[in-house]
Amino acid sequence: MTSAPITFGRPWRVAFHIICLALCLSVLVPMALVVGTAFKPANEIYDLSLWPSQPTLANFGRLFGETEFLLYMWNSLATTFLRVVAQLAIAILAAYAFARWHFTGSTLSFALTLGAMMIPHQLVMIPIYIMIAELGWFDTWAALIIPNLAMPFAVFLLRQHMMSFPKELLDAAEMDGAGPLTALWRIMLPNLGPALAALTIVLSIDCWNEYFWPMLVIDSPGARTVQLGIREFLEENFEDFGALMAGVTIASLPVLLVFFLLQRRIMETFVASGLKG
Amino acid sequence: MDGTTAVAAARPPVRAGRPRFRALVPWLYLAPLLAPLILFVYWPLLHTAWLSLVRWNLQPGQATEFVGLANYAGVLESSLFADASWNSMIYVLAAIPLKVLLPLPVAVFLWSLGRAGGTYRTILFLPTLISFVIVAVVVGWMLNPIAGHVTALLSWLGMGFANPLATPDGAIITIIVLSAWKVFGFNVLLYLAGLASIRRDLIEAMRLDGASDWVILRRLIWPLLSPTTFFVLIATVIFSLQQVFTPIDILTEGGPENGTTNFFYMVYQLAFRTFDIGRGAAGTVLLFLLLLVITLLKLRVLEKRVHYQQ
């Protein structure tokens with residue numbers, strides 16, 4: 001590590017440390033409060049303490065016993081898995097075509113892909129809603145997965161990585177008789193490991209956390225995702241905050257765990273994705 | 001994006017030999033991407049433009065009636081549109097100091113810490129990972145007038161407390177603060193990425209010439225960082241319009257008295273609360289035009305700033 005690019009004077013350093021500590025506390029204290037409340041017995045729920053004096057698993061018991069939370073988890077996990085696998089397959093093939101070949105229409109196709117990055121869901125919701133109604137897809141996994149198959153930012157990111165890959169290796173493979181698909185599968189993909197891993201995680205978090213789309217196309221409890229389930233708890237069991245915070249803890253846990261596995265790469269991929277909420 | 005054409009030209013054309021089949025190959029790779037893009041992005045945009053010209057209440061049997069630009073007039077004259085415009089402006093204006101200006105000095109400070117700033121950076125990034133549903137639900141819980149911890153804390157301090165979500169001003173401030181909390185660390189990260197690309201030897205050279213830290217910050221780092229700053233600004237403007245949809249829907253549903261609704265939520269209210277598809281579509285087209293202007297502005301300014309590249 002080289003020396004610090006800028007060295008603030010001591011008073012500035014102290015002031016900035018205080019600001020950063022305050023900001024970090026604003027992140028950590030609510031998180032600790034949520035997790036603490038998830039383990040609090042009923043008589044301590046309203047206490048200000050961060051951690052219960054008598055920790056209990058009763059909230060989790062009620063969450064899984066008296067609500068359909070397990071089903072919501074299954075819906076979220078299964079649709080996230082299926083959707084991300086499909087998104088990756090589509091993005092890999094398209095990125096490979098864009099990185100490898102220049103052909104009539106490739107510039108236009110790429111422009112269409114980039115243009116779609118600027119179109120949020122709310123701008124296309126009405127026609128897709130009508131489409132899903134006509135297909136009878138409300139309350140199905142298909143309604144969650146199929147309209148979200150194309151992920152332009154994933155195509156863009158993978159294309160960047162693929163273009164920095166030495167083309168001679170791919171050409172050499174094709175000289176030896178391998179088709180372009182074999183070259184992609186055997187030579188390109190194994191070298192994209194870390195980028196693909198981070199992209200997979202970012203796409204999964206994106207899908208797991210999604211609210212607007214599921215809210216639009218899912219109504220019946222049987223097809224609810226975790227995020228929809230949590231919102232319903234706030235409206236239905238308004239007084240059972242222990243179970244609610246247990247649900248919030250479980251819904252956030254997979255995302256945080258996965259993040260700490262590949263922390264640095266994930267932050268880079270988030271930056272590359274432009275903006276993720 | 002700038003290098004696209006140059007790099008594309010350097011790529012070899014699709015290999016010769018059985019030319020007709022060869023020319024088709026790339027399209028086989030692109031079809032799985034282009035089909036959903038056309039079906040679920042570009043066709044719906046055109047369809048929305050058409051729907052904005054008709055009157056329809058989403059009933060399948062009901063015939064649509066062509067009404068020309070009446071839906072646009074209806075949207076533009078409504079008090080909902082006036083409220084949504086005003087609130088959208090408030091969201092954006094509040095975002096600039098909280099989400100664009102404040103993260104910058106924090107990022108410069110973390111940058112100056114080098115590796116030691118890593119813990120701060122990671123902790124500040126965590127809200128990006130937590131879903132907006134959960135952020136909104138937890139805020140709703142903490143502000144709950146009976147069971148909320150904010151209520152309990154304030155009464156413990158001997159202060160009374162009114163739920164801010166019950167008043168228009170309190171509600172919009174709540175949503176502004178929680179959305180700033182959510183995106184702050186992400187914007188710090190964007191600035192850090194920009195700072196990391198500044199060449200150290202330029203800083204060293206200025207330092208050898210006797211420049212102070214303050215002069216280096218103002219004369220070198222601020223101008224070199226301006227493309228990043230501008231990117232953060234545009235991204236934050238769009239974020240502040242779009243992403244607050246979730247907390248609005250969960251905490252206030254646009255209320256009280258339309259006090260928190262914005263353009264994105266208004267479009268949803270028109271189409272799926274009042275089932276006025278024509279007006280919903282007209283609002284969507286207007287919103288699309290607004291986003292288009294912002295995007296074109298971004299492309300234009302980013303092109304002009306290229307001369308700052310090192």
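**A loop in chain A**

Start by selecting Asp139(A), which sits in the loop between H5 and helix H6 (141–145) of chain A. Keep in mind as you go that this is a predicted model. Asp139(A) is not a glycine, yet its phi is positive, at about 65°. Is Asp139(A) buried or partly exposed? Its 17 C-beta neighbours inside 10 Å make Asp139(A) count as partly exposed, since a residue needs 20 or more to be buried.

Next, select Ala223(A), in the loop between helix H11 (212–217) and helix H12 (226–236) of chain A.

**Chain A as a whole**

Now zoom out and show chain A as a cartoon. You will find 14 helices and zero strands. The radius of gyration of chain A is 23 Å, well over the 19 Å that the globule rule gives for 277 residues, so chain A is more spread out than a compact globule. Along the principal axes, its C-alpha atoms fill a box of roughly 75 × 65 × 35 Å. Of the 277 residues, 40% count as buried.

Pick out helix H9 (residues 180–188) of chain A, and colour its buried residues: Pro180(A), Ala183(A), Leu184(A) and Met188(A). Looking down the axis of H9(A), you see these buried residues within an arc of 100°, so they line one face of the helix.

**Where the chains meet**

Bring chain B into view. The contact between the chains takes 73 residues from chain A and 81 residues from chain B. Which helix gives the most to the side of chain A that touches chain B? Select H1(A), which gives eleven residues. By class, this side of chain A has 56 nonpolar, 15 polar and two charged residues.

For a closer look at one crossing, select helix H14 (residues 263–272) of chain A together with helix H9 (residues 168–196) of chain B. Their axes come within 10 Å and cross at roughly 90°, so H14(A) and H9(B) are roughly perpendicular to each other. On the H14(A) side, show Met267(A), Phe270(A) and Val271(A); on the H9(B) side, show Phe186(B), Leu189(B), Leu190(B) and Ala193(B). The residues of this contact are seven nonpolar, no polar and no charged.

**Last stops in chain B**

Move to the loop between H12 and H13 of chain B and select Glu253(B). Glu253(B) has a positive phi of about 50° although it is not a glycine, and it is partly exposed, with 14 other C-beta atoms within 10 Å. In the loop between helix H12 (245–252) and H13 you will also find Pro256(B). The peptide bond from Gly255(B) to Pro256(B) is cis, with omega near -15°.

Finish on helix H13 (residues 263–273) of chain B. Nine of its eleven residues are buried, so H13(B) is largely enclosed by the rest of the structure. Among those buried are Phe263(B), Tyr265(B), Gln269(B) and Ala271(B). After H13(B) comes Phe275(B), whose phi is positive, near 50°.

Technical notes. Residues are numbered from 1 along each chain as its sequence is written. Chains are lettered from A and ligands numbered from 1 in the order in which they are written. This is a predicted model: local features need pLDDT of at least 70, side-chain atom pairs count only at pLDDT 80 or more; totals for chains, interfaces and linings use all residues. Helices (H or I, at least four residues) and strands (E, at least two) are DSSP runs, numbered from the N terminus. The radius of gyration is taken over C-alpha atoms; the globule rule is 2.2 Å times the number of residues to the power 0.38. A residue is buried if 20 or more other C-beta atoms lie within 10 Å of its own, exposed if 12 or fewer, and partly exposed in between; C-beta atoms are placed from the backbone. Axes are lines fitted to C-alpha atoms, for helices over the stretch in contact, and angles run from 0 to 180 degrees between N-to-C directions. Angles under 35 degrees count as roughly parallel, over 145 as roughly antiparallel, 65 to 115 as roughly perpendicular and the rest as oblique. Two residues are in contact if their C-beta atoms, placed from the backbone, lie within 7 Å. Ala, Val, Leu, Ile, Met, Phe, Trp, Tyr, Cys and Pro count as nonpolar, Asp, Glu, Lys and Arg as charged, and the others, Gly among them, as polar. The arc is that of the directions from the helix axis to the C-beta atoms.
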